[in-house]
Amino acid sequence: MVTTRTEVLEVIYRFYPRGVPVYDAAHDNSAAYDTSEEHRRLVEAAQRGRSEYPTWEAMIDRLGRRYGVQNEALHLLAGGRDPAYSARIYLPGETISVHVSLLGPYYGIHHLGEREELAAIAGVIEATYPGYEPIPAELGDEVVPEVWVESNPFGEATIALCLFSEVWMWGGVREPGS
Amino acid sequence: MRVHHLAAVVVLALSSVLLAGSCLQQGTTEPEASEPVGEDRERLPVVSYRPEDFAFRVVVGDDGKGKAGGWQAARADLEFWHVVIPHWPRHWRCAFTIEMPLRTEAAGPISSSEAAVFSVEIAEDVARAMNYDLPEGLFCLRFVGEMRALFKSRYEKLGARVTR
């Protein structure tokens, strides 16, 4: 099955209020955003993520036996409103990030170029989360119209940021000396 | 007049408190003939935070597995002043949360005091570069966003999160 832009945007608009800025200039606060139905769904998705955390943790343990891994989902576990589980994996010459969304059956791997470890990592994710589809890089980079996420305002919130959080930007980083 | 005298004392006392306090930006005053103009006359805000402003506590214990683990968080509530002579000083607070691991793959263990020192450094650098003319709510949102960005650019491996 090929994930389409239309289908992903439909999912995203269920969790991020369309046309509502995080900052409401008229009232100098964020009340309209925080009390929206869509944001409430995001908070509930994060809560679901906490209750199903052991599955992610077991997968991270498996990856951690083969690679240097930093689990970035502890922020979610501690009560954060993250839209995904995330981790960084330190590969020779590059830090990649891996994500499993809590908003829909999607996962993402942020990397610079093709490398042999990626297929194995994707295999571990798909074995842990059957039926989840990868978000291709070119789709992840597309801007989501009329959506403001905590880290990025209108015009800057991409599909990857909406589905996987700001931690997406921590992957695809070339390491010095490589 | 007594009232005027009292007002002058209050203003003087308040100015002293503000100058000694934290997070103060003094507004621009009209330059005298000998004063530099343009960017040279911009005054940097007086900013001084303490590690005690960022009381980190463990929220997820380190299970000792792998090369990174554990999670700590500090809820901060920083104070800001904007003084533009001769206007009455404007004062507000920004509450936000900073979180980071107890142990990282790249930097090893991070104690609560080290986490606080990182936070002071980032908060001070961001506070000095802020626009104090912004409305309070927007100021706080931008302050949090700039802290998030500076943590990422300066200490990316740390994996710190800053949220409102």
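## Before you start

What you're looking at is a predicted model, so local features need pLDDT of at least 70 and side-chain atom pairs count only at pLDDT 80 or more, while totals for chains, interfaces and linings use all residues. Residues are numbered from 1 along each chain as its sequence is written, and chains are lettered from A, with ligands numbered from 1, in the order in which they are written.

## The overall fold

Chain A has eight helices and six strands. Here helices (H or I, at least four residues) and strands (E, at least two) are DSSP runs, numbered from the N terminus. Going along the sequence, you'd read α-α-α-α-β-α-β-β-β-α-β-α-α-β. The radius of gyration is 16 Å, close to the 16 Å from the globule rule for 178 residues, so chain A is as compact as a globular protein of that length. (That radius is taken over C-alpha atoms, and the rule is 2.2 Å times the number of residues to the power 0.38.)

Of the 178 residues in chain A, 39% are buried. Buried means that 20 or more other C-beta atoms lie within 10 Å of the residue's own, with C-beta atoms placed from the backbone.

## Strand β3 and its partners

Take a look at β3(A), residues 94–101: seven of its eight residues are buried. It runs antiparallel to β2(A), residues 84–91, with eight bridges joining the two.

## Where chain A meets chain B

The contact takes 20 residues from chain A and 22 residues from chain B. Residues are in contact if their C-beta atoms, placed from the backbone, lie within 7 Å. On chain A's side, α4 (53–64), β1 (68–71) and α5 (74–77) each supply at least two residues, and β1(A) gives the most, with four residues.

By class, chain A's side has eight nonpolar, eight polar and four charged residues. Ala, Val, Leu, Ile, Met, Phe, Trp, Tyr, Cys and Pro count as nonpolar, Asp, Glu, Lys and Arg as charged, and the others, Gly among them, as polar.

Methods:
Buried ≥ 20, exposed ≤ 12 C-beta atoms within 10 Å, placed from the backbone. Contact = placed C-beta atoms within 7 Å. Pairing = 2+ DSSP bridges.
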